[in-house]
Amino acid sequence: MANRLTLICHGATAAMRAGAFPCDEPLEPRALAHTQAWRGRLRRPDRVCAAPALRARETAQALGFEAETDVDLQDWDCGLWAGLTFAEVETAYPGALALWRGEPQAAPHGGESLAALIARMEDWLDRQREGHGHLIACTHAANVRALVAGLLLAPDAFWQIDIAPLSLTDLRTDGRRWTLRTLGQPLDDPPDA
């Protein structure tokens, strides 16, 4: 039987609405209510894991899942930029955003480069191939984008992939390779997970 991996991007937070780099903030009340409305509507997986960030764990809990915390699903480390808006970063570190977006190896914020994020998520995905059944992972948009860009062997595509809060991305494996089945399906659509 082919293994199935459903990635659920956590719900919206105040930092996301403000265009800020994330800190460990909770879901917005409206996002929490929207997520809770989906409780019991997703097929029961064999296993559920969540990134260690509060927003990812709250998403899993609001969906009615008891998730194990997977530290390898931590969000993209944005270092000194955590909590700052894009405008604040540009003011404090002129040119750093352009460097960060244009050079996959760059980490001007002292955190993780895009290349390192993609490599970390590729390693995580490789380890999931060894499991059986259906895994749901509540994680971050950057992680989903990195997984898809790595899977498609197109790291430059990272910046062109849009993963909305509370969306599903579905992958399947036959034990040798992964295939992308669904990308960024909003939870407003009929559930297929």
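The mean pLDDT of this chain is 92, and 96% of its residues reach 70 or more. pLDDT is the predictor's confidence in each residue, on a scale from 0 to 100. This is a predicted model, in which local features need pLDDT of at least 70 and side-chain atom pairs count only at pLDDT 80 or more, while totals for chains, interfaces and linings use all residues. Residues are numbered from 1 along each chain as its sequence is written, and side-chain values use heavy atoms, with hydrogens and water left out.

Confidence is lowest in helix α1, residues 14–18, at a mean of 90. It is highest in strand β3, residues 68–69, at 98. Helices here are DSSP runs of H or I with at least four residues, strands are runs of E with at least two, and both are numbered from the N terminus. Where pLDDT is low, the predicted coordinates should not be read in detail.

Now the packing of two helices. Two packed helices are described by the angle between their axes and the distance between the axes. Helix α6 covers residues 114–128 and helix α7 residues 141–151; they pack at about 80°, with axes 8 Å apart. The axes are lines fitted to C-alpha atoms, for helices over the stretch in contact, and the angles run from 0 to 180 degrees between N-to-C directions. Angles under 35 degrees count as roughly parallel, over 145 as roughly antiparallel, 65 to 115 as roughly perpendicular, and the rest as oblique. So α6 and α7 are roughly perpendicular to each other.

Which residues make the contact? From α6 they are Leu117, Ile118, Arg120, Met121, Glu122, Trp124 and Leu125. From α7 they are Ala142, Asn143, Ala146, Leu147, Ala149 and Gly150. Contact means heavy atoms within 4.5 Å. By type, the residues of this contact divide into nine nonpolar, two polar and two charged. The nonpolar class is Ala, Val, Leu, Ile, Met, Phe, Trp, Tyr, Cys and Pro; the charged class is Asp, Glu, Lys and Arg; the others, Gly among them, are polar.

Ala115 also lies in helix α6. Its relative accessible area is 22%, so Ala115 is partly exposed. The cut-offs are under 20% relative accessible area for buried, over 50% for exposed, and partly exposed in between, with a 1.4 Å probe and protein chains only. Leaving aside neighbours within four places in sequence, Ala115 is in contact with Pro104 and Gln105.

Next, the salt bridges. How many are found in the whole structure? The search gives 10 salt bridges, each defined as a side-chain nitrogen of Lys or Arg within 4 Å of a carboxyl oxygen of Asp or Glu. One joins the side chains of Arg120 and Glu112, at 2.8 Å from N to O. Both Arg120 and Glu112 are buried.

Another pairs Arg129 with Asp126, at 2.6 Å from N to O. Arg129 is partly exposed at 22% relative accessible area, and Asp126 is partly exposed at 38%. Arg176 and Asp174 also meet in a salt bridge, at 2.9 Å from N to O. Here Arg176 counts as exposed at 64%, whereas Asp174 counts as partly exposed at 40%.

Arg4, Asp170 and Arg172 are linked in a network of salt bridges. Arg4 lies in strand β1 and, at 12% relative accessibility, counts as buried. Its C-alpha atom is separated by 5.9 Å from that of Leu171, 167 residues apart along the chain.

On to helix α3, residues 54–62. Its buried residues are Arg55, Ala56, Glu58, Thr59, Ala60 and Ala62. What do the buried residues of α3 pack against? The partners are β1 (3–9), α2 (29–36), β2 (47–50) and β4 (134–139). Just after α3, Gly64 takes a positive phi of about 90°.

Last, two leucines. Leu153 has a phi near 55°, a positive value in a residue other than glycine. Leu166 likewise has a positive phi near 55°. Leu153 lies in the loop between α7 and β5 (167–173), and Leu166 is in the loop between α7 and β5 as well. Are these two buried or exposed? Leu153 counts as exposed, at 74% relative accessibility, but Leu166 is buried, with a relative accessible area of 7%.
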